[in-house]
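The tour goes from the whole fold to single side chains.

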Amino acid sequence: MPTHDTKAPTFRVLDAMSEQIAPDQAEQILRSAGHSIGRRYAVQAATGDGTPPADLRGRLERAAAVLNDLGGLVELEESDHTMSLCGYICPLSDVSVSHPMVCRMTETLLSDLVGAPVHERCERNERLWCRFEVDTHAE
C-alpha cells in the first residue's frame, strides 16, 4: 500500500529551491515575490481615494488587515519606540520553521505596504510567533 506524502507542495518547492540555488538567491526570489504580493494588495491597503494613509499607524493597521485577509491573525502593538505587527496565527508557520526566508518575504511585503522599513523578529522554536517591527523614530 503506498504511503501518503503529507508534506505540503509549498515545502516541496522551497526544499527544491534550497537544494538547487544559493541561500541568498532563494531569499532574493522570495523578496521579489513579497514585492509582487505587495503590489497586488496595495489597493486594499489604500484609503478610499487610492492613497495610503498618511500616518504610520494607519498604514500598519491596513497592512495588518491584509495579513488577516491572507489567513493570519495579526494585531498592531505599540511600545516606546516601535510599532509591531504581532501574529498569533500565521498561514506560513509550518513552512517558516524549516524555511525562515518566507518571513523575510513577508517583511518585504509589509515594508512595501507600510512605506517604511519593517524588520522581521519572528520566533521559530517550540513557540511560533510572528513579529514585524517598525522603528517609530525613523518615521
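Helices (H or I, at least four residues) and strands (E, at least two) are DSSP runs here, numbered from the N terminus. Colour by element on that basis: the order from the N terminus is α-α-α-β-β-α-α-β-β-β. That gives five helices and five strands in the protein.

Before selecting anything, note the ground rules. This is a predicted model, in which local features need pLDDT of at least 70 and side-chain atom pairs count only at pLDDT 80 or more, while totals for chains, interfaces and linings use all residues. Residues are numbered from 1 along each chain as its sequence is written, and side-chain values use heavy atoms, with hydrogens and water left out.

**Whole protein**

Show the surface. The protein exposes about 8,200 Å², and carbon and sulfur atoms supply 53% of that area; the areas come from the Shrake-Rupley method with a 1.4 Å probe. Now colour by burial: buried is under 20% relative accessible area, exposed is over 50%, and partly exposed lies in between (1.4 Å probe, protein chains only). Of the 139 residues, 39% are buried. Next, turn to contacts (heavy atoms within 4.5 Å). Of those between residues at least 6 apart in sequence, 51% join residues at least 24 apart.

**Salt bridges**

Side chains of opposite charge can pair when their charged atoms come close. The rule here asks for a side-chain nitrogen of Lys or Arg within 4 Å of a carboxyl oxygen of Asp or Glu. By this rule there are 10 salt bridges.

**Stop one: helix α2**

Select Glu27 and Arg31. Their side chains form a salt bridge, 3.0 Å from N to O. Both sit in helix α2 (residues 23-45), four residues apart, so about one helical turn separates them. Glu27 is partly exposed at 22% relative accessible area. Arg31 is also partly exposed, at 25%.

**Stop two: strand to strand**

Select Glu77 and Arg131. This salt bridge spans 4.0 Å, N to O. Glu77 belongs to strand β1 (residues 73-78) and Arg131 to strand β5 (residues 128-135), so the pair ties together parts 54 residues apart in sequence. Glu77 is partly exposed at 28%, whereas Arg131 is buried at 17%.

Select Glu120 and Arg124. Their closest N and O atoms are 2.9 Å apart, in another salt bridge. Is Glu120 buried or exposed? Glu120 is buried, at 12% relative accessible area; Arg124 is partly exposed, at 28%.
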